Amino acid sequence: MKSFFQMFTTAWIGIATHKLRSFLTIMGIVIGVAAVISLMSVGKGAQASILSRIQSLGANLITISPGFVSSGGVRGGFGGAQSLTLEDAQAIAQQVPYIDLVAPSYSANMQLVAGSSNLNSRVTGVTPEYQGVYNLKTDVGSFFSESDYEEGARVVVLGSTVKTTLFADNDPVDQKMRLGNNIVRVVGVLQSKGNMPGSTDDAVMIPFTAMQQMVAQQKTSTGGHRVSSIALTITDVNKTEEIIAEITSLLRTQHRLSDTASDDFRIMSTQEMAETVTETTGTMTLLLGAIAAISLLVGGIGVMNIMLVSVLERTREIGIRKALGAKERDIWGQFLVEAAFLTFSGGIIGVTVGWGASYLMAHFATMNTLVTLDIVVMAVSVSVGIGLFFGFYPAWNAARLNPIEALRSE
Amino acid sequence: MIRLEGITKIYPIGKRELVVLQDVDLNIANGEMVAIMGASGSGKSTLLNLIGCLDKPSAGRYFLDGKEVGHLSSGELANIRSQKIGFVFQQFNLLSRLSALANVELGMRYTGNSDRKKAIEALDKVGLSDRANHRPTELSGGEQQRVAIARAIVKKPPLILADEPTGNLDSRSGAEIISILTSLHADQGITLIMITHDANIAHHCQRIVYISDGKIVREEKV
């Protein structure tokens, strides 16, 4: 303990003797570590904000959408197939285990008019389960009821963006508006879920039954009622893969697909989406970190440079220490501790600076940033590691100096 | 205490070999005070470095306190230096960024037990306890050499090796240094080996060894 303390003091004196030089060397590490911390915090921040939006949908959500359609060897885009039906949804609800709620929906573009405002928007006919599946909450009013659904009542629930466009700051509940050629009554406005593609903020929801009356719903060749997508929740998240497999085989039977045909639908779970996002943003974060790590490497080379100079400059001191009985490992340790001390303090300051930078970015550039403990620990230990790695050669050089020659040097 | 048997030291210079010491035999008893004299390049410094375990002989045997040390590893030699040998150099060799006291403490640094009180005692012995916090640059040459002596004796080694300790000093400071070294030898029975050019100083010793071209040519009892 005492000798460790001595080593530390010796290193400190060595560093304090050349304040400017030590400061500049430390700066190299500070910039490197700060760059790693702040850039990786941007990556982590993006990941966290996308994940939180996905999670707001619920971890147990599975959506089924139409897949490709192939005709004469030409493959169409996703959603081109018009294959999902109301009957599929009923079959899933009845035959697949661990299913909580099933919500088929049918969407069509319509012209919305309220007073003097109008908007062309996607209108979705949904079942009452839809509210539960997507975890929807209303800001004002309420979602339409079971009886509204049974009666095919002409009532509508608006997303927050749609409400603002059509009604500005007025209370829209119980107001009448037009949906194509039909008059409907607003019963509720949904809470905002944040701005992202496919958000319910842009949605207009009416009972599925009312939708069937307003638009001529297409039927499939087998006589099923076409739906745009089926969303469902499951009771056990750990069974996600099994449930997806069950649904796949059920739908293949329902759609009478031959063994060689590819699926004409696509199943996605929020869990899967979260995993995909984590993976891609993780790669991005790593890439940003790797770019920043280059500056850390440059800083490390700076440390090595300074340590080599320092050893050269203190050749005589090394000779004196050796004459006083210092072993190779004493000398070696002295310079290694000095290098590690430089980079460690650089690492600590770098974390602070990087943290500050990521805070400023979040504050002024409205970027999501997130500094996680693992980045901090990694950056500091990498910087100390760099000190040890780049300090090793100079320290080894110092340790194996011949004491007589070292004493003779000027 | 010291027994050299047929010690030879050869330095390779490029492809040639330079014989610095040739077949040197020397015995120095415990508590003896010996001067080594000779022209520059005669090999006296190399001899002192070998005795001080800073260097290894190319041939021959070196016994220190009855133990052969000529072929030990550099780590084991460092151990011997830290326990048994104190060096005093012509150029003082103090660390300029440390205070006098810290320089003296450095003398114990590698012995495994450092003690500030002992360092103060040692400074007191050379009469510099009031200069403990001065940097070497704030001290005169004679004072610097006294700090260096304090550094050499702080770990109480049985053997002190001094390589022209007065070489860089005026005659008055030189005389002070010699009287300190002589009293260390007289009071504490330290074995002292000293290289010098100055015949007057050499005559403070009990024995003078003359060396020339790597060989001991003459010994003289004072």
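Reader: Which elements are included in what covers the buried residues of α6(B)?

Author: This is a predicted model, and in it α6 of chain B runs over residues 171-188. The buried residues of this helix are Gly174(B), Ile177(B), Ile178(B), Ile180(B), Leu181(B), Leu184(B) and His185(B). What covers them includes, from chain B, β3 (33-37), α5 (141-153), β7 (159-163), β8 (191-195) and α7 (199-202).

Reader: Why are the buried residues of α6(B) on the same side of the helix, and what arc do they cover?

Author: The residues concerned are Gly174(B), Ile177(B), Ile178(B), Ile180(B), Leu181(B), Leu184(B) and His185(B). They lie on the same side of α6(B) because the arc that they cover around the axis is only 155 degrees.

Reader: Which residues are exposed on the other side of α6(B), and which residue with a positive phi follows the helix?

Author: The exposed residues on the other side of α6(B) are Ser171(B), Arg172(B), Ser179(B), Ser183(B), Ala186(B) and Asp187(B). After the helix comes a residue with a positive phi, near 65 degrees, and that residue is Gly189(B).

Reader: Is Leu159(B) buried or exposed?

Author: Leu159(B) has its place in strand β7 of chain B, and β7 is included in what covers the buried residues of α6(B). Leaving aside residues up to four places away in sequence, Leu159(B) touches Lys84(B), Ile85(B) and Thr191(B). Because 23 C-beta neighbours lie inside 10 Å of it, Leu159(B) counts as buried.

Reader: How many bridges join β3(B) to β9(B), and which residue of β9(B) stands opposite Val34(B)?

Author: β3(B), one of the elements that cover the buried residues of α6(B), runs parallel to β9 (residues 207-212) of chain B, and the two are joined by 4 bridges. Within this pairing, the residue of β9(B) opposite Val34(B) is Arg207(B).

Reader: Which residue in the turn between β9(B) and β10(B) has a positive phi?

Author: β9(B) pairs with β10 (residues 215-221) of chain B in the antiparallel sense, over 6 bridges, and Ile211(B) stands opposite Ile216(B) in β10(B). The two strands form a hairpin with 2 residues between them, and the turn residue with a positive phi, about 50 degrees, is Asp213(B).

Reader: In what order do the strands of the open sheet in chain B lie, and which are its edge strands?

Author: The open sheet has 4 strands with antiparallel pairing, in the order β2-β1-β4-β5. Within it, β1 (residues 2-13) and β4 (residues 59-64) of chain B are joined by 5 bridges, and the bridge partner of Thr8(B) in β4(B) is Ala59(B). The edge strands, each of which pairs on one side only, are β2 (16-28) and β5 (67-68) of chain B.

Reader: How many residues does each chain bring to the contact, and which element gives the most to the side of chain A?

Author: The contact takes 16 residues from chain A and 18 residues from chain B. On the side of chain A, the elements that give two or more residues are α1 (2-17), α10 (315-323), α11 (328-364) and α13 (403-408), and by class this side has 8 nonpolar, 3 polar and 5 charged residues. With 4 residues, the element that gives the most is α10(A).

Reader: How far apart are the end C-alpha atoms of α11(A)?

Author: α11(A) is followed by Thr366(A), whose phi is positive, near 40 degrees. The helix has 37 residues and should therefore span 54 Å at 1.5 Å a residue, which agrees with the distance between its end C-alpha atoms, 53 Å.

Reader: What radius of gyration does chain A have, and what radius does chain B have?

Author: Chain A, with 13 helices and 12 strands, has a C-alpha trace that spans about 105 × 55 × 40 Å along its principal axes; a compact globule of 410 residues would have a radius of gyration near 22 Å, but chain A has 33 Å. Chain B has 7 helices and 10 strands, and its C-alpha atoms fill a box of roughly 50 × 40 × 35 Å along the principal axes. A compact globule of 222 residues would have a radius near 17 Å, which agrees with the radius of chain B, 17 Å.

Methods
Residues numbered from 1 in each chain as written. Chains lettered and ligands numbered in written order. Predicted model: local features only at pLDDT ≥ 70, side-chain atom pairs only at ≥ 80, totals over all residues. Pairing = 2+ DSSP bridges. Contact = placed C-beta atoms within 7 Å. Nonpolar A, V, L, I, M, F, W, Y, C, P; charged D, E, K, R; others polar. Rg over C-alpha atoms; globule rule 2.2 N^0.38 Å. Expected span 1.5 Å × (residues − 1). Buried ≥ 20, exposed ≤ 12 C-beta atoms within 10 Å, placed from the backbone. Arc of directions from axis to C-beta.
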